[in-house]
Each structure stands twice: as C-alpha cells, then as structure tokens.
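Please look at the chain as a whole before turning to the individual residues.

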Amino acid sequence: MQAPVTCALIVLCCLIFVTGPASGLNPSYGTGDALLLAQRAYFRRWGVVPADLFTGSPRAALTPATALFVHGSWVHLLGNMLFLHVFGAMTEERMGRVRFTLFYVGCGYLALVGYAAANAASGQSLVGASGAISAVLGAFLLLFPSARVTSLFPFLFFLPLRFPAWVVLPFWAALQWLAAGRAAEGPQVAYLAHVVGFALGFACAWPWSGQIRGRVARPWKGGGGRREG
C-alpha cells in the first residue's frame, strides 16, 4: 500500500460519518425532529464554534482537530474524500507517512482556527476536512505542478478536460477566495478555511519541493470541494 495514511483517513472519516447522526443510518438517533436535534448537538460537540474557541476552554481548543473528521452530509463527505483520494496519495508518498500525518492535521487545525478568528462572534458549528484537504491541494501544486488533472467544469457542460495542476489548482484557489469575500452567515461552505488551508499547504510543502525539480510528474485524475469546511 503506497498511501496508507490517506487510505486510513478516508476510512476513518467514512466510519465516523455512517455511525453518526448526519448519515441517517444509525437508528439510535431517531428520526424527524429528534434526528435534527441530535445532529445539531453532535455538530456543536465535535465541530468548531468560533464564539467558544477563544474562551480558554481546553475542550473547545480540541474541536479544530475533531472537526476534521466530522461531515455534515453525504455530498460533503464524498466530495472531500474524492479530493483526498486524488491528491493525497502522491503528496503522502513525497512527504512520508509521519510528516504527511502531521502536515494534514496541523494545517487542517490552523485552517479552522483561521476561519474562527475571522468569524469570532459566530455561534455556528464548523465541521469537515476541507481545510486539511485544501492544504493537500496547496502542497500538490508546489510538489507536482506539471501533473495532469482531469477536471469537470459546469460552465462547459461538465466536459472532462485535462490540465496541468499549475492551471487547475490556482484557478480553484481563486474561486475560493472570491467566494470567501461574498460569504455571509448561513448554512454554507466556509470558503475562508479553504483559502487558509491552501496557503498553509503550499508554504509547508516547500522543504520537499526541491526533491522533484527536474522530474516529470506522473499523470493523476481528479474531479471538480452548520458550515461545512
């Protein structure tokens, strides 16, 4: 197995999701209003609540780590896991298992803290691995800029097109930045966490970037990312 950490992260996120209330598969959480209440309490317990994060509570300080493994819906989970599968394996192989694990959790933690700092008065829970996965994308851009990525563009009728990472990933990051500027309170994507994660990942991958200069990166296929992070 060339990317055991990436595989383990995907399995762990999926297991946590299907056993939690958001999947709707665990009968112990009930149905209808009871299920909605259970979901709300679950996200508040394990997700990041910006208004609580900087109060000095040890439990709140841990939530940027626990939130990385909690997802709000099937679409949220599958989208994140697709990106992690596509971009995580090669990044892990370049960094090594231990460093990749620390990189993933550390950048994901800081991405959620960055979002919380910019929205310190918000009482809305933030969950999801998108900040960490955005860091993986940032690292992938620096480490494998010439790798071909198959992307789906809605404005081109979802026609699959192959472009090098240095075209696709900066375009994706720019979209996240523009979306973050228009974000408002509500159940939507925390784009700022994506931007912070991407920037952190790009910067943190620099020590490994010299190892691949002069090499041709392997082709790789990919797809088109409470608040969800």
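From the N terminus on, the elements of the protein follow the order α-α-α-α-α-α-β-α-β-β-α-α-α-β. In total there are ten helices and four strands. The model is predicted. Of the 229 residues in the protein, 48% are buried, and the accessible surface comes to about 11,300 Å², with 69% of this surface belonging to carbon and sulfur atoms.

**The nonpolar core**

- In soluble globular proteins, nonpolar side chains tend to be buried together.
- The largest nonpolar core in this model has 55 residues. The residues with the most contacts inside this core are Phe 87, Phe 103, Tyr 104, Ile 133, Leu 137, Phe 140 and Leu 169.
- At least two residues of this core come from each of α1 (4-19), α2 (32-46), α5, α6 (97-118), β1 (126-127), α7 (130-143), α8 and α9 (191-204).
- The helix that gives the most to this core is α7, with ten residues.
- Leaving aside its neighbours within four places in sequence, Phe 103 is in contact with Met 95, Gly 108, Ala 135, Val 136, Ala 139, Gly 201 and Cys 204.

**Two buried residues in loops**

- His 71 is placed in the loop between α4 (58-66) and α5. His 71 counts as buried because its relative accessible area is 2%, and the cut-off for buried is under 20%.
- The side chain of His 71 forms a polar contact with the side chain of Asn 80, at 3.2 Å. A polar atom of the His 71 side chain also lies 3.4 Å from the backbone nitrogen of Ala 129.
- Not counting residues up to four places away in sequence, His 71 touches several residues, among them Cys 13, Phe 17, Phe 43, Met 81 and Val 127.
- Ser 23 lies in the loop between α1 and α2. With a relative accessibility of 8%, Ser 23 is likewise buried.
- A polar atom of the Ser 23 side chain lies 3.3 Å from the backbone oxygen of Phe 17. For the backbone oxygen of Gly 20, the distance to a polar atom of the Ser 23 side chain is 3.2 Å.
- Apart from neighbours within four places in sequence, Ser 23 is in contact with Phe 17, Val 18 and Trp 74.

**Charged side chains**

- Side chains of opposite charge can pair when their charged atoms come close.
- The count comes to one salt bridge. The side chains of Asp 52 and Arg 44 meet in a salt bridge, with 3.3 Å from N to O.
- Asp 52 is partly exposed, with a relative accessible area of 27%, and Arg 44 is partly exposed at 40%.

- Phe 171, Leu 175, Trp 177 and Leu 178 make a nonpolar surface patch of about 430 Å².
- Leu 175 belongs to helix α8 (residues 165-182). Leu 175 is partly exposed because its relative accessible area of 40% falls between the cut-offs of 20% and 50%.
- Glu 93 is found in helix α5 (residues 74-95) and is partly exposed, at 43% relative accessibility.
- Glu 93 and Gln 2 are 91 residues apart along the chain, and their C-alpha atoms are separated by 6.8 Å.

Definitions and conventions:
Residues numbered from 1 in each chain as written. Predicted model: local features only at pLDDT ≥ 70, side-chain atom pairs only at ≥ 80, totals over all residues. Heavy atoms only, no water. Patch = residues over 30% accessible without salt bridge, like charges linked within 9 Å, V, L, I, M, F, W, Y side chains within 5 Å. Areas by Shrake-Rupley, 256 points an atom, 1.4 Å probe, with all protein chains shown as cover. Salt bridge = Lys/Arg side-chain N within 4 Å of Asp/Glu carboxyl O. Buried < 20%, exposed > 50% of the residue type's maximum accessible area, 1.4 Å probe, protein only. Core = buried A, V, L, I, M, F, W, Y, C linked by side-chain atoms within 4.5 Å. Contact = heavy atoms within 4.5 Å. Polar contact = N/O pair within 3.5 Å; in protein donor to acceptor, adjacent residues only side chain to side chain.
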